[in-house]
Structure formats: structure tokens, C-alpha cells
Amino acid sequence: MSVVIKDLSAHIGESVALEGWVETTRSHGKVAFLILRDGTGVVQGVVLKKAVDDATWEAHGSLTQESTARVVGRVKQDDRAPGGFEVEVESLEVMALAEEYPIQPKEHGVDFLLDHRHLWLRSSQQRAGLKVRSEVQQAIHDFFYRRDFTRIDTPILTGSIGEHAGTLFETDYFGDPAYMAQTGQLYVEAACPAFRNVYCFGPTFRAEKSKTRRHLTEFWMVEPEVAFADSEDNMRLQEEFVSYLVERALENCAEELKVLERDTSKIDHVKPPFPRLSYTDAVARLTERGHDVTWGDDLGASDEAVLTEDYDLPLFIYNYPKEAKAFYMKENPDDPRTVLCDDLLAPEGYGEIIGGSQREDDLERLRERIREEKLPEEAYAWYLDLRRYGSFPHSGFGLGVERTVAWITGRHHIRELIPFPRLMNRLYP
RNA sequence: UCCGGGGUAGCUCAGUUGGUUAGAGCAUCUGACUGUUAAUCAGAGGGUCGUGGGUUCGAGUCCCACCCCCGGAGCCA
């Protein structure tokens, strides 16, 4: 009977077969150990020379790090074993001997590890981080499914433009330029009148030459769009959404967060409502603290760091100046210098995890904004149609998955929270 | 793009005011060991000192140019 390691506790006293990768071996002459990983867990095997035949003893001696092996043995409780139980090996068969494995259970530099990302995935902390990512992704779908949102898959190849022309990846599309999507937002807006509440979830691409721990050139973003919702509704949805993602990770990834040495007391109280600060009040507070900010400037990384220091919850900053934000955001009727929008800043310096806004639903004002920003009006013709044929108040936001998972797991750099990160100077492996 | 740091063994690093044969730990290989948890102990092999040029009797070390990496800024999720 072949079983997986995570189910071993149900087989104590039985003889079982396991298949997996050898993490390490230790030999003591007449007793030897191996650590076997099978993707569901890790277990120690014990080989006693007098208890096995020569073929098994020699097979164990030939094992190298990351070789694959099939082990048959009896599951035994033993306090000396990591995890509380171990496998007393009866026979061992090598499936494939691995060549000298480059990644050791020691320290390595970032560049080396990223060059070996295809192997680095097997390391315990990387497995834990990506497991949390997987759980968060599932939680994203569950959250919206339960609230009756329809998932809309938006195109990755686009002819029109999302936000900032300068940071688009361009490719050839049968002789015409095409661009890798920076956002699915304009398309989910188009799906709203068909399904009311919708969301898209997929990779997005930004050709920004950013070299910080918060940036990737390819990252995953989830973008809900809600019909008949204003900016207030939007922020309420955001705080409920983020709280749910954190809750799911705490519930289903306790083991992984432990492997990652995450101090969960920093996130276990993340529940609505989140603190809110208007842009104007934020500028006033920064000025009080001696920061050199003038009203109208976008907030910099150090500004955000100072503001979030005051809270142990994510912080909303809302209603930024028009000039600092995208053309499609709705003008604030109470202060036309600003737009109805919000950024959600994660605590502990993880920065902006959400950008959201109520959308401009007035055809003429939207057209004006496109002209002000000097965007090619013809590319947005279909988007303007949405205001022409049954315009409606609506709001939405985009949440960056890697930044969110980095914050939940407490990892320093978001590149570890995507299986194969794409960075400014890295397209391999 | 700008600012700062760096590139020496498979990996992580040390290398003095320029000086003879460039070192350590880990990994690998060989041997010892019946309870290891990153096992330990003994031994062995392993180097285009990022690349090119220059100064010098002599350069890993000093000078110039270039390449690459890391951290940060800007921009953003």
C-alpha cells in the first residue's frame, strides 16, 4: 500500500510504501538515517544494517541529496524523530540518483538562489510561502463566489492602453503593436452591465525599471468591479476582503506560517473597520512631523512608512489629488481638486496592497480627462461607449497578490511569493 | 535613470602598508562510528581572484574603462 507522508499518523504500526526525494542522509556505520520529502510532508527513515538485506543497505549508502527513492517500512512512534514518528526501513529502492545538488541547507546569496529558482522551490520556506499564496488565491475565488460575483477573464494581449503608456511591454501582433495588459479594469467595467458584480484575476505586466522589494514586472492582481457602489461601499468591501484573506491563511496555513517564523500576533487582529485618513489630513500630519510635502504631490515611500507606523491595521488613504491619479477616477463633488479613490497600505512597511476608486460615469467629464492626460482618444472609444449606453455609478479596486502574501507571511521581498519571479533583469528560469 | 555597497573554490566568505606556494567553513570523495537532527572525527581533491587595459622588479590588493549583482530612490499593486 502506497501512502503519502501527511497521512502517516493514521498508519502507525503498519508497513507502508513511500515515494519521494531524499533531503539528506546520515550514516553511523551500522545505523543510518534518511530524510524523505514527498510533497505532502517530510519524514525520517531509519535503516538498521542487521534488519535489511545488503541491497537495501547499499542503496541507502548510494543516495545523494534529492535522489528519488521508494521506501517500504513500518511506521513507528518515536520521540527522537522530528515530527514524533518515523519509518523503520524494511527495503529501499533508488529510482533516480541525483547529481551533486547545488542548493545546500546553508546560506546562499539571492542571485544564486534566483538562478536556481527551479530547484529553490523545494526548500521548506519556499514551499511554505507558495502554499500560503495558493491558499490566498483560493480564498480570493471563494470570497467572490460566495458574494455572487462572476469571474471575467480579461485579455492579456491588448491594443488599447490601460494606464501609463511608458510602462507597457510591447509586442508584435501581425505587424501591429500590441501591449501586455497592465490591468483588466476597463474590461471588467464593460462586464458590469452584463453581470452586475464581477472580478478578474490574472497576471499583469509593468515595464517599470523598479528595483525594490515590492516590485515585479509580472505580478498577479485581482480586480473586482461593483455596480451601483460608491467609494464608501468600495472601502468596506476592501476591508472585508483583506480580512477574509488573512483569516483563511491563519486558519489553513498555521504550519506554513510557523516554518516562515511569522509572528502571527501581528495579523491575527486584522478585522474591519480599518483606519481611514484623507489625503489632505495625511499631508497635514506629515507636515506636523516635519516632512516636506506639498498638497498635490503623490506620497512617497517614506511618507507612507511614517503614516502606517501609527497603526497595526492596514490604513486607507482616500481622495488623492486628481493629478496624482488615473484619468478614470470620479471627481469628488465636495472637493473637485480630488478624486474619489483610496489606497490601502499594509502595516510593517509592506506598502500599498490595494488601489481603488469610484469610476467617472459622466461621459463628458471622462472625455475631458482623457484629453487632459493627452491619451489617444480613439483607443478608448469602446470604453466611452460604456458611459453612452446606460451609465451607472460603479467602483472597484485592484489587489496585488504577491504584496499581500508577502505581508501575511512576513517575507522581506515579494519575489519569493511567486513561483517564477520576473524582475527587471531576470527572465530565467 | 540616480545614490550607496559588492564580484576571490560548487556555496558563504576572509585576504594586513602591493611581496614568495591565495585561505577557512560548508559541499564532494575516501575511511571510522548503532540514534543522528545543519551528526561528529581523520584524510584527499578542488582557483582564468568579473572582463580588458595600465603602473610596478612584483598586483586579489593601486589606477582607468566596461560588464554583472545587491540595497535604496523615483513609479506603482
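Q: Hi! Where is Lys374 found?
A: Lys374 is in the loop between α10 (363-372) and α11 (381-388). Helices (H or I, at least four residues) and strands (E, at least two) are DSSP runs, numbered from the N terminus. This is a predicted model, where local features need pLDDT of at least 70 and side-chain atom pairs count only at pLDDT 80 or more, while totals for chains, interfaces and linings use all residues. Residues are numbered from 1 along each chain as its sequence is written, chains are lettered from A and ligands numbered from 1 in the order in which they are written, and side-chain values use heavy atoms, leaving out hydrogens and water.

Q: Is Lys374 buried or exposed?
A: Lys374 counts as exposed, at 75% relative accessibility. Buried means under 20% relative accessible area, exposed over 50%, and partly exposed in between (1.4 Å probe, protein chains only).

Q: And what is phi of Lys374 near?
A: Phi of Lys374 is near 55°, a positive value in a residue other than glycine. Most residues other than glycine have a negative phi, and most peptide bonds are trans.

Q: What about phi of Glu261?
A: Phi of Glu261 is also positive, near 55°, and Glu261 is not a glycine. Glu261 sits in the loop between α7 and β12 and is exposed, with a relative accessible area of 69%.

Q: How far is the C-alpha atom of His269 from that of Gly29?
A: The two C-alpha atoms are separated by 52 Å, and the residues are 240 apart along the chain. Ser27, in strand β1, gives another pair: its C-alpha atom and that of His60, 33 residues along the chain, are separated by 9.1 Å. Ser27 counts as exposed at 58% relative accessibility.

Q: Switching to helices: why is helix α12 largely enclosed?
A: Nine of the nine residues of α12 (residues 401-409) are buried, so the helix is largely enclosed by the rest of the structure. Among them are Arg403, Trp407 and Ile408. Just after α12, Gly410 takes a positive phi of about 75°.

Q: Nice. How many residues surround RNA strand B?
A: There are 51 residues around RNA strand B, and the closest are Arg26, Gln104, Lys106, Glu352 and Arg403. A residue is near a strand if one of its heavy atoms lies within 4 Å of it. Sugar and phosphate account for 47% of the RNA strand B atoms that come within 4 Å of the protein.

Q: What lies 2.9 Å from a phosphate oxygen of RNA strand B?
A: An N or O atom in the side chain of Arg415 does. For the bases, a nitrogen is 3.1 Å from a polar backbone atom of Lys209, and an oxygen is 3.5 Å from an N or O atom in the side chain of Lys50. A polar contact is a pair of N or O atoms within 3.5 Å; within protein, one must be able to donate a hydrogen and the other to accept it, and residues adjacent in sequence count only if both atoms are side-chain atoms.

Q: Which element gives the most to the surface near RNA strand B?
A: That is β15, with four residues.

Q: Last one, the overall picture: how many helices and strands does chain A have?
A: Chain A has twelve helices and 16 strands. Its C-alpha trace spans about 85 × 55 × 40 Å along its principal axes, and 51% of its 429 residues count as buried. Of the contacts in chain A between residues at least 6 apart in sequence, 66% join residues at least 24 apart.

Key:
Contact means heavy atoms within 4.5 Å.
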